[in-house]
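These are my notebook entries on a single protein chain. I record what I looked up and what I found, topic by topic.

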Amino acid sequence: MKNTSQSWPVLDYQKYKSTLATVHLWTQIVGKIRLSNSPWVNHSWHVTLYVSSRGLTTGSIPYSDGIFQLDLDFISHELVISSSDGQREVVLLYPRSVASFYKELLSKLEQMEIEVAIYAAPNEVDPAIPFIKDEVHKSYDAVQMNLLWLALVKIEKVFTRFRAGFTGKVSPIHFFWGAFDLAVTRFSGREAPVHQGGAPNMPDRIMQEAYSHEVSSCGFWPGSEQSPSPAFYSYCYPTPEEFGKQPVQPEEAFYSVEMGEFFLTYEVVQRSGDPEKLLMQFLVSTYKAAAITGNWDKDLECNLSHFER
């Protein structure tokens, strides 16, 4: 078997945690700009970012004179603002405060005559320091951020293949800046019980709309001080009582009763002889756990055996 693990970067939360905290807030600013200028799409799909060939991108955003786009470039380490009328501005990425980044980005948009008005404080984090006042978060390690992005590139490829194995409603492979995770979600087509909400600095109605229908969702999360191991996760809503008791692959995957989710650490995948195959096993088997215990329509699956080879 060909060993492809070396092509998946080694991630060390302790090395990138300060950078992560800062870039997380930068992505919130960028994502909120997309949010404020875009029409509402179900489950907040209009707010997300996407993995690009150089970093993270908003994709096209409408404004009065056409469309514009924000690209976080983790190769050249700059934020590029481009518009359909040919304008282009750059905000450099380096160890700088959230306040500094916010002020320059808004100034460049004003110079380009792109009007934006955002709720200028973070969501899903606590404490939520207003962007204009945040001089606390100001770390940026270009090497570590590049490695984290390269991991997202590898993961996005597998998620894209997994997404293709479903004929029902399924989300894009998108990056949610609220929790800083890359995710893809499948839907059974049935409505779900009202979600209880409870995310920090997030209105319950947003969470309730996001989980208005039954889902099986999986993703990647780079870690936190409480859980410093970057990991893949898989959960379903609502969560059947037998969900966590289902057999899943690979053997290193485990179920957290506290979180109500299956987990597989990134390190296990990265060190394996075939990271893509191992990750696909986790995605497929945890979806099956949700589908079996939730009595999902089997016709929503297509050619899953192809992904298990």
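**Entry 1. The sheet**

In what order do the six strands of the open sheet follow one another, and is their pairing parallel or antiparallel? I worked from a predicted model, and there I read the order E7-E8-E9-E10-E12-E11, with antiparallel pairing. At the edges I found strand E7 (174-176) and strand E11 (254-256), each of which pairs on one side only.

Strand E10 (residues 231-237) and strand E12 (residues 261-265) run antiparallel and are joined by four bridges. For Ala231, I noted Thr265 as the bridge partner in E12. Next I asked which helix packs on the sheet. I found helix H6 (residues 275-294), which touches strand E8 (181-191), strand E9 (213-221), E10 and E12. The direction of H6 makes about 15° with that of E10.

**Entry 2. The chain as a whole**

I counted out the secondary structure next: the chain has seven helices and 12 strands. For overall dimensions, I noted that the C-alpha trace spans about 55 × 40 × 35 Å along its principal axes. Does the radius of gyration agree or disagree with that of a compact globule? I found that it agrees, because a compact globule of 309 residues would have a value near 19 Å and the chain has 20 Å.

Of the 309 residues, 51% count as buried. The accessible surface comes to about 14,200 Å², and I noted that 51% of this area belongs to carbon and sulfur atoms. I also looked at contacts between residues at least 6 apart in sequence; of these, 62% join residues at least 24 apart.

**Entry 3. Salt bridges**

How many salt bridges does a search of the whole structure find? The search gave nine, and I examined several of them individually.

I began with Arg88 and Glu78, whose closest N and O atoms are 4.0 Å apart. The pair links distant parts of the chain, since Arg88 belongs to strand E6 (residues 88-92) and Glu78 to strand E5 (residues 78-83), 10 residues apart. Is Glu78 buried or exposed? I recorded a relative accessible area of 16% for Glu78; this value is under 20%, so Glu78 counts as buried. I then listed what Glu78 touches, not counting residues up to four places away in sequence. Among these contacts are Asp71, Leu72 and Asp73, as well as Arg88, Val90 and Val91.

I turned next to Arg96 and Glu104, whose side chains meet in a salt bridge at 2.6 Å, N to O. Arg96 is buried, with a relative accessible area of 5%, whereas Glu104 counts as partly exposed at 24%.

I also examined Arg271 and Glu267, where the closest N and O atoms are 2.9 Å apart. Why are these two residues separated by about one helical turn? They are four residues apart in helix H5 (residues 266-271), which accounts for that separation. I noted that Arg271 counts as exposed at 63% relative accessibility, while Glu267 is partly exposed at 43%. Finally, I checked for shared partners and found one network that joins Arg96, Glu104 and Lys108.

**Entry 4. Backbone exceptions**

Where did I find cis peptide bonds? One joins Tyr237 and Pro238, with omega about -5°. Another runs from Gln249 to Pro250, with omega near -5°. I placed Pro238 in the loop between E10 and E11, and I found Pro250 in the loop between E10 and E11 as well.

I then looked up positive phi values in residues other than glycine. His77 has phi near 60° and lies in the loop between strand E4 (66-73) and E5. At 16% relative accessibility, His77 counts as buried. Glu124 has phi near 65°, and I located this residue in the loop between helix H2 (98-111) and helix H3 (142-163). Glu124 is partly exposed, with a relative accessible area of 29%.

Definitions and conventions
Residues numbered from 1 in each chain as written. Predicted model: local features only at pLDDT ≥ 70, side-chain atom pairs only at ≥ 80, totals over all residues. Heavy atoms only, no water. Pairing = 2+ DSSP bridges. Contact = heavy atoms within 4.5 Å. Axes fitted to C-alpha atoms, helices over the stretch in contact; angles between N-to-C directions. Buried < 20%, exposed > 50% of the residue type's maximum accessible area, 1.4 Å probe, protein only. Rg over C-alpha atoms; globule rule 2.2 N^0.38 Å. Areas by Shrake-Rupley, 256 points an atom, 1.4 Å probe, with all protein chains shown as cover.
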